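Could you walk me through this model in the viewer, one selection at a time? I would like to know what to pick next and what I will find there.

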Amino acid sequence: MCKNCGCHGSKPEKQILKVAGMTCGHCKSAVEKAVRGLPGVLAAEVDLAAGSLAVDFDSAKSSLASIKKAVEEAGYQVL
Ligand SMILES: [Cu+2]
């Protein structure tokens, strides 16, 4: 249920995760690709310099736990 207008869906959530082990452009795209493939994820953007991942997701379809799992399955560690 939408809290804002009562139509459908839920408000997208934005989270910033710290991810260890990302060192180059390949790491960046591997993490982004893994997270973007999840249902309900609207956007995923890695900031290599900061070692962080910004993710916008629909909390009705995806959870932070499943996002963390996808990052870990791609070979990186969520701090
Ligand atoms: Cu790399």
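**The sheet**

Start with the open sheet of four strands, ordered S2-S3-S1-S4 with antiparallel pairing; strands pair if DSSP finds at least two bridges between them. Strand S2 (41–47) and strand S4 (77–78) are at the edges with a single partner strand each, so one side of each has no neighbour in the sheet. Helices (H or I, at least four residues) and strands (E, at least two) are DSSP runs numbered from the N terminus.

This is a predicted model, where local features need pLDDT of at least 70 and side-chain atom pairs count only at pLDDT 80 or more, while totals for chains, interfaces and linings use all residues. Residues are numbered from 1 along each chain as its sequence is written, and side-chain values use heavy atoms, without hydrogens and water.

Next, select S2 together with strand S3 (residues 52–58): six bridges join this antiparallel pair.

**The copper ion**

Now move to the copper ion, coordinated by Cys-24 (SG) and Cys-27 (SG) at 2.1 Å. Donors are N, O and S atoms within 2.8 Å of the metal (3.2 Å for Na, K and Ca); water is not among the atoms, so sites may look incomplete. Which of the two is buried? Cys-27 is, with a relative accessible area of 8%, whereas Cys-24 is partly exposed at 34% (buried is under 20%, exposed over 50%, partly exposed in between, with a 1.4 Å probe and protein chains only).

**Confidence**

Finally, colour by pLDDT, the predictor's confidence in each residue from 0 to 100: the protein chain averages 91, and 87% of the residues score at least 70.
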